[in-house]
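Visitor: Hi! Could you walk me through this one? I'd like to start with the charged pairs.
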Amino acid sequence: MNLLMIGCGAMGQAMLVRWLDTSWLQHVTIIKPSPLPVHLASHARIAYHANVAQCTLAHYDTLIWAVKPQMMAHAFDAVQSVGDVRAHLHISIAAALPLAWYEERLGINTRIVRAMPNTPVSLGLGVTGLTANAALTDKDRLMVEEMIQSLGSAYWLHTESEMNLFTAIAGCGPAYVYAWMDAWCMAAAHYGMPYEDARHIIRHTMRGAMALSDHHIDVPLATLTARVTSKGGMTEAALQQLNKNHQWREGFIAAFNEAMERAQALSS
Ligand SMILES: NC(=O)c1ccc[n+]([C@@H]2O[C@H](COP(=O)([O-])OP(=O)(O)OC[C@H]3O[C@@H](n4cnc5c(N)ncnc54)[C@H](OP(=O)(O)O)[C@@H]3O)[C@@H](O)[C@H]2O)c1
């Protein structure tokens, strides 16, 4: 497959480093204003242009859109001023912009996929939400799945309307984990443990807890929690504080609401 990648920042690069290890990717040309980092610039299967006007669009079968939603219209205008891209397969990872936004520019017969990855894709441990317009063929679908499965797991949404919720849960998710770990480390530091020691201990605690949860995938999370929580013990006392009045659940509900409202604003 010959890819044209428009934009290649944090998420574009996270995906690309995995794709460069696959056999289906023959070549990728990256378009972005500032030069590529050295490790990508020297790669034999990567070409780089600061401006799409230097590209022959017929050389590519698939366009990957990896710019910020606010930059998409500008990037689209630049590509469409160079040539017709209605026969290409388009995969966009931009948050918020609906399939209709792309169909308005490309027409309803163009094959368009929205993909919502998260940053662990760089290790092949991401989860990517997918939705597509009606023009996508079964063959395209299989190919997109192969591309995405090289990044971790692929999850086809039932309808596009689920995309903003998926983004709030999983696209944003790694940030929740890191921010939460940071708070956990800072609390340990508050009581005198060096932050980096706390980070080491918490990282291993999380890794072990995740592995146990994977191992007991059919066991309810409440049961796994109860196995750590002796009646009248330390965990019970701590959890009563941490999750007072179900404040975790309520916090996530409020957070997802804010994120989805932001998506609405970005798409209008
Ligand atoms: N970060 C995440 O965790 C995440 C998760 C899921 C989805 N996404 C989506 O992925 C997209 C990119 O996010 P990001 O975090 O990778 O942002 P980013 O690091 O800011 O990368 C944006 C890229 O777009 C390039 N760019 C800007 N204007 C351009 C133009 N006119 N033509 C071509 N390229 C242009 C930038 O080039 P320069 O490098 O030269 O400035 C940069 O490479 C967003 O739409 C976001 O919603 C991100």
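Guide: Happy to. A salt bridge here means a side-chain nitrogen of Lys or Arg within 4 Å of a carboxyl oxygen of Asp or Glu. Keep in mind that this is a predicted model.

Visitor: OK, how many salt bridges does the structure hold?
Guide: There are five salt bridges in the structure. One of them joins Asp 140 to Arg 111, with the closest N and O atoms 2.8 Å apart. Asp 140 sits in helix 5 and Arg 111 in the loop between helix 4 and strand 6, so this pair ties together parts 29 residues apart in sequence.

Visitor: Is Asp 140 buried or exposed?
Guide: Asp 140 is buried, because its relative accessibility is 7% and the cut-off for buried is under 20%.

Visitor: And what about Glu 236, which partner does it meet?
Guide: Glu 236 forms a salt bridge with Lys 231, at 3.2 Å from N to O. Glu 236 counts as buried at 19% relative accessibility, whereas Lys 231 is exposed at 77%.

Visitor: Switching topic: which residues come nearest to the ligand?
Guide: Of the 22 residues around the ligand, the nearest are Ala 10, Met 11, Lys 32, Ser 34 and Val 67. A backbone N or O atom of Ala 10 is 2.9 Å from a ligand oxygen, and one of Cys 8 is 3.0 Å from a ligand oxygen.

Visitor: How much of the ligand's accessible area does the protein cover?
Guide: The protein covers 76% of the 900 Å² that the ligand has on its own.

Visitor: Last one: which residues make the nonpolar surface patch?
Guide: Trp 180, Trp 184, Leu 242, Trp 248 and Phe 252 make that patch of about 510 Å². Helix 7 and helix 11 each give two or more residues to the patch.

How values were computed. Residues are numbered from 1 along each chain as its sequence is written. This is a predicted model: local features need pLDDT of at least 70, side-chain atom pairs count only at pLDDT 80 or more; totals for chains, interfaces and linings use all residues. Side-chain values use heavy atoms; hydrogens and water are left out. Patches are made of residues with over 30% relative accessible area and no salt bridge: like charges are joined within 9 Å, nonpolar side chains (Val, Leu, Ile, Met, Phe, Trp, Tyr) within 5 Å. Accessible areas come from the Shrake-Rupley method with a 1.4 Å probe; for residues, only the protein chains shown count as cover. Helices (H or I, at least four residues) and strands (E, at least two) are DSSP runs, numbered from the N terminus. A residue is near a molecule or strand if one of its heavy atoms lies within 4 Å of it. A polar contact is a pair of N or O atoms within 3.5 Å; within protein, one must be able to donate a hydrogen and the other to accept it, and residues adjacent in sequence count only if both atoms are side-chain atoms. Buried means under 20% relative accessible area, exposed over 50%, partly exposed in between (1.4 Å probe, protein chains only).
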